[in-house]
Amino acid sequence: MKKIGVIGLGNMGKGMAFSLKRGGYDVLGFDAVEVTRATISQEGLACAGSIAELAEAVDMVVLSLPTSDIVEKVVLGEDGLLRHGKKGLVIVDTTTADPNSTRRIAAELKSAGIDFVDGPVSGGPKGAATATMGMVLGGDKEVIDRIEPVLSVMSGKRVHVGPVGAGHVAKLLNNLVTGTHLLISGEAARIATAAGLDPQQIFEGLSAGSAGSKVIDNFFPTWIFNGAFNSGFTMKLMRKDLRLAMNLIRETEAPTPLAKEAGRLWAKSIEGIEDPEDFNRIVQYIEK
Ligand code: NAD
C-alpha cells in the first residue's frame, strides 16, 4: 500500500488526505466539485481529474462522502471504482452510511477481487486534520490487518467491531446515543436556567459527576455555551444518521421507545433548524 486515493475532500476527507500525505504516502485526491479540487491542489495535494483516473493509479481508496447513494455511484457507477480499480484494491468507506448498502457493495466487489471495509470515523474535522479520529471497522480481519499501517497514520484509535457493515451499525448507534444525549443535555440546560441558575456553572458540576461525557465536557464548552456552533458537522448529516438509525430499529424490531422519540425530534427539527446549521443547534430546538 503505497499510493492512496481519497474521494470526497470535504470537512473530513481533506484532513484525512493531508494526514496520509504527512504520514509518507503518495496521495491522490478527488472531489466532485472542481473548485474544491483546484483549492486543494494549490494547497499541495495532487488531485485526479476523474474517479477512473484515480482508481487506475492507487492501491487503496478512502471514501468520505455524504450518503450511501453517492458511495454506490462512486463505487458501482459506470465511471466508478469497480470498473476502473485494479484487482487487489482495498476500499475503506469512512462515510457514515447505510449498513445494508455497505453489505451489497462489498458483495459485488468481492467477485472482482476488490476488498471493502467500512470504517466510519469520529472526532470531527479537527480529528481528521490531526489524525486523532476514532474508527470503527467492519470487515475481514486479514484485510484490516493488511491496511493497519495506513489507518494508523490517519486515526488515533481503531476498533474492529465485526464483519462488513458492523462498522456502519456501530457508527449509527454512536450518533443515536450522541444525538439523544444532546437533546437531554439541552433540556437540562433549560431546566437550570428556568430554576434561576447559571447553566454553565451547573454543567461544570455535571462534569464532575456521573453525567460527565463528551457532550457535557467538550461539546457544551467548545461549541454551545460560547455561541460558536462551528463544529464542522451539519444538521443535515446528523439528521441523515438519525434517520438511518431509525431504519436499523425498524429492521431489528428492537424495543426502543426513547430512541424513537429522539429520532422523531431530530427529524421534526427541520422546522426550526436548517440543514447547513451546526448539529449542536439541536439543543435550542423546542417543538412547536
Ligand atoms: P462534506 O459535505 O464537508 O464533504 C463531502 C464531500 O464529498 C464534499 O466535498 C463533496 O463535494 C464531495 N462529494 C459529493 N459527491 C461526490 C461524488 N459523487 N464524488 C466525489 N466527491 C463527492 O461532509 P463531511 O462533513 O466531510 O462528512 C463526510 C462524511 O463523514 C459524512 O458521511 C458524514 O456523516 C461523516 N462524518 C462527518 C463528521 C464531521 O464532523 N463533519 C464526523 C464524522 C463523520
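## The ligand and its shell

A shell of 25 residues surrounds the ligand, and the closest are N11, M12, D31, L65 and G232. The model is predicted: local features need pLDDT of at least 70, side-chain atom pairs count only at pLDDT 80 or more, and totals for chains, interfaces and linings use all residues. Residues are numbered from 1 along each chain as its sequence is written, and side-chain values use heavy atoms, with hydrogens and water left out.

What kinds of residue make up the shell around the ligand? The shell divides into 14 nonpolar, eight polar and three charged residues. Here Ala, Val, Leu, Ile, Met, Phe, Trp, Tyr, Cys and Pro count as nonpolar; Asp, Glu, Lys and Arg count as charged; the others, Gly among them, count as polar.

## Where the shell comes from

Domain 1 (3-162) and domain 2 (169-284) each give at least three residues to the shell around the ligand. The domain bounds come from an automatic or database domain assignment.

Helices contribute too. α4 (68-76), α7 (124-129) and α12 (235-252) each supply at least two residues of the shell. Helices (H or I, at least four residues) and strands (E, at least two) are DSSP runs, numbered from the N terminus.

An oxygen atom of the ligand is 2.6 Å from an N or O atom in the side chain of D31. At T96 a polar backbone atom is 3.1 Å from an oxygen atom of the ligand. The protein covers 86% of the 830 Å² of accessible area that the ligand has on its own.

A polar contact is a pair of N or O atoms within 3.5 Å; within protein, one must be able to donate a hydrogen and the other to accept it, and residues adjacent in sequence count only if both atoms are side-chain atoms. Accessible areas come from the Shrake-Rupley method with a 1.4 Å probe; for residues, only the protein chains shown count as cover.

K240 lies in helix α12. Is K240 buried or exposed? K240 is buried, with a relative accessible area of 8%. Buried means under 20% relative accessible area, exposed over 50%, and partly exposed in between (1.4 Å probe, protein chains only).

T94 lies in the loop between β5 and α6 (99-110). At 3% relative accessible area, T94 is buried. A polar atom of the T94 side chain lies 2.6 Å from the backbone oxygen of L63.

## Strands

Strand β5 (residues 90-93) pairs with β6 in the parallel sense, over four bridges. Two strands pair if DSSP finds at least two bridges between them. The bridge partner of V92 in β6 is V117. In a regular strand the side chains alternate between the two faces of the sheet. In β6 (residues 115-118), D115 and V117 point one way, F116 and D118 the other way, and all are buried.

Strands β7 (residues 121-122) and β8 (residues 134-138) run antiparallel, joined by two bridges. There V121 has M135 of β8 as its bridge partner. β8 also pairs with strand β9 (residues 157-162), in the parallel sense over five bridges. V136 stands opposite V159 in β9.

## Loops with positive phi

A131 is not a glycine, yet its phi is positive, near 55°. A131 lies in the loop between α7 and β8. It is buried, at 16% relative accessibility.

F229, also not a glycine, has a positive phi of about 40°. It sits in the loop between α11 (214-224) and α12. F229 counts as buried at 12% relative accessibility.

S41 is in helix α2 (residues 34-42). At 35% relative accessibility, S41 counts as partly exposed. The C-alpha atoms of S41 and L28 are separated by 9.8 Å, with the residues 13 apart along the chain.

L183 lies in helix α9 (residues 166-194). L183 is buried, with a relative accessible area of 11%. Its C-alpha atom is 7.5 Å from that of A262, which is 79 residues away along the chain.

Conventions. A residue is near a molecule or strand if one of its heavy atoms lies within 4 Å of it.
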